[in-house]
Amino acid sequence: MNIIIRQETIEDYQTTENVVKRAFADSMHSDQTEHELVSRIRKSDAFIPVLSLIAVEREIVGHILLSKIKIHSDKQTVDSLALAPVAVLPAYQKQGIGKLLIHAALKKAKELGFHSVIVLGHPEYYPKFGFKKAAYWGIQAPFDVPEEAFMALELTDNGLYNVSGIVEYSSAFSV
Ligand SMILES: CC(C)(COP(=O)(O)OP(=O)(O)OC[C@H]1O[C@@H](n2cnc3c(N)ncnc32)[C@H](O)[C@@H]1OP(=O)(O)O)[C@@H](O)C(=O)NCCC(=O)NCCS
């Protein structure tokens, strides 16, 4: 298998959305609307085109999107990124493609100068990439969520030092 990770272009949008839809089709933790979320984020101020990456093996088989969020406390507001969603076509799962996408997206985010990433997702999956419970830093979701599923990662040394508060997602996340 020869997988290339590259930035998504406008010509890829429709195929990517199909891949996202098919990836989540059998997921218990999904409302099967993640492809619509991708579409809304792309149209929002939170979108950073270089952080929308696809995995290509002849056709598109996976996608990851990091978009802008804020972490608010009484004292300060800090910029961060949400990892949402990441998706690999069922036939291509468990072959390391998700890992390639996540590593590539985190590397690019760091190059762009971001200090942290927040994810709501499988508590068994994301710790492989260094994510820890966001509660460790006193960072909370703006909605009810199991504590272990809401995670954060420092992209830089002490990237979340003295950062705590409530995550504010972009309006693309509200339907
Ligand atoms: C989650 C998803 C993106 C992972 O992609 P993938 O290409 O299958 O993952 P990888 O093959 O890169 O797996 C990397 C590691 O995580 C493990 N892993 C994969 N999926 C996992 C899961 N759902 N839970 C726990 N561990 C998982 C793999 O065994 C592998 O472990 P290893 O590095 O110790 O060998 C993919 O399964 C998917 O699209 N699922 C449906 C959509 C979804 O749930 N997205 C995530 C929302 S939070």
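Two residues count as in contact here when heavy atoms of theirs lie within 4.5 Å. The structure is a predicted model, where local features need pLDDT of at least 70 and side-chain atom pairs count only at pLDDT 80 or more, while totals for chains, interfaces and linings use all residues. Numbering runs from 1 along each chain as its sequence is written, and side-chain values use heavy atoms, with hydrogens and water left out.

Let's start with Ala87, which sits in strand 4 (residues 77-88); helices (H or I, at least four residues) and strands (E, at least two) are DSSP runs, numbered from the N terminus. Setting aside neighbours within four places in sequence, Ala87 touches Val20, Ala23, Phe24, Val61, Gly62, His63 and Leu101. Take Val61: it is 26 residues away from Ala87 along the chain, with 8.4 Å between the two C-alpha atoms. Ala87 is buried, at 3% relative accessible area, where buried means under 20%, exposed over 50% and partly exposed in between (1.4 Å probe, protein chains only).

Ser67, in strand 3, is buried too, with a relative accessible area of 0%. Beyond four places in sequence, its contacts are Ile41, Ala46, Ser80, Leu81, Ala82 and Phe173.

Now for the helices. Helix 1 (residues 13-24) packs against helix 2 (residues 34-42) at about 145°, and their axes are 7 Å apart. Those axes are lines fitted to C-alpha atoms over the stretch in contact, with angles running from 0 to 180 degrees between N-to-C directions. From helix 1, the contact uses Tyr13, Thr16, Glu17, Val20, Lys21 and Phe24; helix 2 brings Glu34, His35, Val38, Ser39 and Arg42. Helix 2 is mostly covered, with seven of its nine residues buried. Its cover includes helix 1, strand 3 (59-72) and strand 4.

On to the ligand. The table lists polar contacts, meaning pairs of N or O atoms within 3.5 Å.

| Protein side | Ligand side | Distance |
|---|---|---|
| Gln95, polar backbone atom | oxygen atom | 3.1 Å |
| Gly96, backbone N or O atom | oxygen atom | 2.7 Å |
| Gly98, backbone N or O atom | oxygen atom | 2.7 Å |

On its own the ligand exposes 890 Å², and the protein buries 76% of that; these areas come from the Shrake-Rupley method with a 1.4 Å probe.

Conventions. Polar contact = N/O pair within 3.5 Å; in protein donor to acceptor, adjacent residues only side chain to side chain.
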